[in-house]
Amino acid sequence: MRLILQVVLAFTIAAGLGLGATWWSLTQASPPFGALAIGPWRATPDVGGLGADPYLRAWIARSGEAPLAYGDGLSFDATTDDAGRPLDAACDYRLEGDLPAARLWTLAAFTPTGGRLANPLGRFATSSAETVRMAGRPIAIELARDARPGDWLPLGGEGSFTLRLALYDTALGTPLARSAPTALLAIIRGTCR
Amino acid sequence: MIRLIYAVAIGLALAGLIHVASLLRVPQLAPNGAYDRLASLEADGRFVVLPDEGEAADRLPFRDPAFVTAACRYDLSQGPVTVRANLPSSYGAVVFHNRGGQPFYALSDRAATNGAVEVTVLDADAAEEAEADETVEERPNIRIASPTETGFVLVRLFAPAPSARAGLAAIAAGASCARRVSP
């Protein structure tokens with residue numbers, strides 16, 4: 001009888017911990033290993049090739065995302081501002097700074113599950129082709145519900161959101177550039193309603 | 001007491017094995033991967049542009065809204081598939097993903113000749129045969145081996161302005177993803 005109980009105990013621990021660890025590692029907001037963090041921005045350059053580790057592979061399959069390939073581009077996600085507060089659609093944000101060398105970049109706001117952030121204008125992204133650069137001045141993009149002068153990306157919806165900055169044709173994901181990352185856009189919170 | 005510790009130790013060791021085994025099975029068992037999400041698009045063997053309106057726009061999570069994206073699912077069990085796509089110089093890429101959604105090959109418009117790229121996808125066995133059959137007279141053709149029998153190809157074209165989307169959608173939909181007629 002005691003033997004049976006011990007066998008049951010062993011199998012319960014095995015199933016509970018084993019499957020629990022798998023479940024836990026795949027339900028995190030970002031892949032558990034291999035992140036490249038620059039300020040509030042997070043990227044996982046290894047998603048872009050077959051060299052991804054099993055955790056990353058499982059995570060991609062579960063997320064349903066079709067990530068950018070290595071030679072194509074690298075995307076960074078931000079869920080907090082520079083001060084570490086979660087991004088909230090009720091607030092205004094200002095993105096400022098310079099970007100590493102890339103052929104083009106795009107910036108878009110998503111719901112936490114990856115849907116487009118609904119807004120009345122139906123404008124979901126801004127890019128290097130749309131923004132205006134002043135000589136000697138950094139990139140500055142306003143995120144707000146109402147139209148702003150300068151470069152503006154409309155916000156919509158409620159609650160938290162994710163910003164995704166994608167750099168195309170960049171060397172940033174290569175091992176050499178990964179070890180000494182340059183700064184990306186700073187995310188500065190403005191007024192909240 | 002010793003036997004109880006013994007049982008717990010065995011449980012922990014088995015937990016490690018179960019964790020690894022279940023993790024490795026996730027890509028095959030995940031019910032809602034990118035490949036499955038594209039099923040309702042009816043893009044088997046042809047390119048279909050992903051819609052930009054309504055719920056369907058979010059079919060692939062975190063898809064870049066500044067791009068026009070067309071998808072084609074392939075199945076190599078009936079033979080190799082040839083992908084032909086026009087890539088405008090405003091930035092375009094053809095990206096090959098395996099069954100689990102991982103990209104394994106990408107070409108951008110920089111690699112295009114006369115604005116177009118042509119790539120043949122084969123399974124591992126067919127790739128070896130093709131390598132052996134290679135004749136010098138044949139025109140150069142990019143051949144890649146797919147790690148999985150099924151997968152999908154995305155043609156992603158950058159839209160510098162919203163007004164460019166309609167034209168780019170027509171270009172993306174014009175890409176072909178057909179089974180190669182036997183040479």
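Helices (H or I, at least four residues) and strands (E, at least two) are DSSP runs, numbered from the N terminus. Just after one such run, helix 2 of chain A, Gly64(A) takes a positive phi of about 80 degrees. This is a predicted model: local features need pLDDT of at least 70, side-chain atom pairs count only at pLDDT 80 or more, and totals for chains, interfaces and linings use all residues. Residues are numbered from 1 along each chain as its sequence is written, while chains are lettered from A and ligands numbered from 1 in the order in which they are written.

**Domains**

- Domain bounds come from an automatic or database domain assignment.
- Chain A is assigned domain 1 (1-30) and domain 2 (35-192).
- The C-alpha centres of these two domains of chain A are 37 Å apart.
- Four residues of domain 1 of chain A and seven residues of domain 2 of chain A make the contact. Two residues are in contact if their C-beta atoms, placed from the backbone, lie within 7 Å.
- The domain 1 side of that contact in chain A has two nonpolar, two polar and no charged residues. Ala, Val, Leu, Ile, Met, Phe, Trp, Tyr, Cys and Pro count as nonpolar, Asp, Glu, Lys and Arg as charged, and the others, Gly among them, as polar.
- Chain B splits into domain 1 (1-30) and domain 2 (34-179). Their C-alpha centres lie 40 Å apart.

**Where the chains meet**

- Contact joins 46 residues of chain B to 48 residues of chain A.
- On the chain B side, two or more residues each come from helix 1 (2-29), helix 2 (34-37), strand 4 (92-98), strand 5 (103-108) and strand 8 (150-158).
- Helix 1 of chain B gives the largest share of that side, 17 residues.
- By class, the chain B side holds 31 nonpolar, 11 polar and four charged residues.

**Helix packing**

- Two packed helices are described by the angle between their axes and the distance between the axes. Axes are lines fitted to C-alpha atoms, for helices over the stretch in contact, and angles run from 0 to 180 degrees between N-to-C directions.
- Helix 1 of chain A and helix 1 of chain B cross at roughly 35 degrees, and their axes come within 7 Å.
- That crossing of the two helices 1 is right-handed. A crossing is left-handed if the near helix is turned anticlockwise from the far one by less than a right angle, and right-handed if clockwise.
- Their contact comprises 19 nonpolar, seven polar and one charged residues.
- Helix 2 of chain A also packs on helix 1 of chain B, at about 35 degrees with axes 8 Å apart. This crossing is left-handed.
- Among the residues that meet there are Tyr55(A) and Arg62(A) from helix 2 of chain A, and Leu23(B) and Pro27(B) from helix 1 of chain B.

**Helix 2 of chain A**

- Arg57(A), Ala58(A), Trp59(A), Ile60(A), Ala61(A) and Ser63(A) are buried in this helix (residues 54-63). Buried means that 20 or more other C-beta atoms lie within 10 Å of the residue's own, with C-beta atoms placed from the backbone.
- Their cover includes helix 1 (2-26) of chain A together with helix 1 of chain B.

**A sheet in chain A**

- Four strands form an open sheet in the order 8-7-4-10, with mixed pairing. Two strands pair if DSSP finds at least two bridges between them.
- Strand 8 (151-154) and strand 10 (186-192) are at the edges with a single partner strand each, so one side of each lacks a neighbour in the sheet.
- From one strand to the next, the twist averages 25 degrees.
- Strand 4 (residues 91-97) and strand 7 (residues 139-144) pair in the antiparallel sense over five bridges. Glu96(A) has Ala140(A) in strand 7 as its bridge partner.

Note on methods. Buried ≥ 20, exposed ≤ 12 C-beta atoms within 10 Å, placed from the backbone.
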